[in-house]
Amino acid sequence: MNRMEPIAIIGMAGRFPGAATLDEFWRNLRDGVESITRFTEEELVRAGVDAALIRNPNYVPARGIIADADLFPAAFFGINPREAEVLDPQHRLFLECAWEAIENAGYDPDRQSRPTGVFAGTTMSTYLLSNLLANPELLRTVGAYQTMLGNDKDYLATRVSYKLNLHGPSVVVQTACSTSLVAVHFACQALLTGQCDHALAGG
């Protein structure tokens, strides 16, 4: 491939606080919509936040919330309910967005044989640390190995490749806050060097 040949972005998808789609996200930016959720003291207490932390003057009771993050269509991806229960929500959302980007591009992986790479990354699984490890009965039922597979960031790219029937490079990227940008860079390099004909990239 000619190294000067342009690369086309043919599909995109995303989830953001206050926006379930890219169109909503851009509307929020255009209209100056504040997408950070602020919590009352009552909401924090109900959520189990320590009272001493709530009273700390340095504590900011706000965060970005992605709506419906718990509504994962596990069966669509061939994932059983118990496996989905211990799957890091970051992995769930990335799978959903990867499929939406493929649909947005008008690409059917089951009818195409051209190699498609996946370049992706997530942060450490706080779902594992804050939720699953506090539920030893669930962990005993599912097993440590399945729990590890569902929450280790190193399995994100290969899970997407496997579940979406994509054949090409499958690379996990970890560069902290720049992970998504570096994933796009690696995807572009793979396209330019002929390692794949299409690529999914993000975080």
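With a relative accessibility of 5%, F77 counts as buried (under 20% relative accessible area, with exposed meaning over 50% and partly exposed in between; 1.4 Å probe, protein chains only). The model is predicted, so local features need pLDDT of at least 70 and side-chain atom pairs count only at pLDDT 80 or more, while totals for chains, interfaces and linings use all residues. Residues are numbered from 1 along each chain as its sequence is written, and side-chain values use heavy atoms, leaving out hydrogens and water.

Planes under 30 degrees apart count as stacked, over 60 as edge-to-face and the rest as tilted. F72 and F77 are a stacked pair, because their ring centres are 5.6 Å apart and their planes lie at 5°. F72 is also buried, at 13% relative accessibility.

F76 and W99 pair edge-to-face, with 5.4 Å from centre to centre and 70° between the planes. This pair links distant parts of the chain, 23 residues apart: F76 is in the loop between strand 2 (62–64) and helix 4 (81–85), and W99 is in helix 5 (residues 89–105). Helices (H or I, at least four residues) and strands (E, at least two) are DSSP runs, numbered from the N terminus. W99 is partly exposed, at 22% relative accessible area. Ring pairs join F72, F76, F77 and W99 into a cluster.

Turning to another site, T122 sits in the loop between strand 3 (116–120) and helix 6 (126–132) and is buried, at 9% relative accessible area. Beyond neighbours within four places in sequence, T122 is in contact (heavy atoms within 4.5 Å) with Q90, H91, K153, L156 and Q174.

How values were computed
Phe/Tyr/Trp six-rings, centres within 6.5 Å; stacked < 30°, edge-to-face > 60°.
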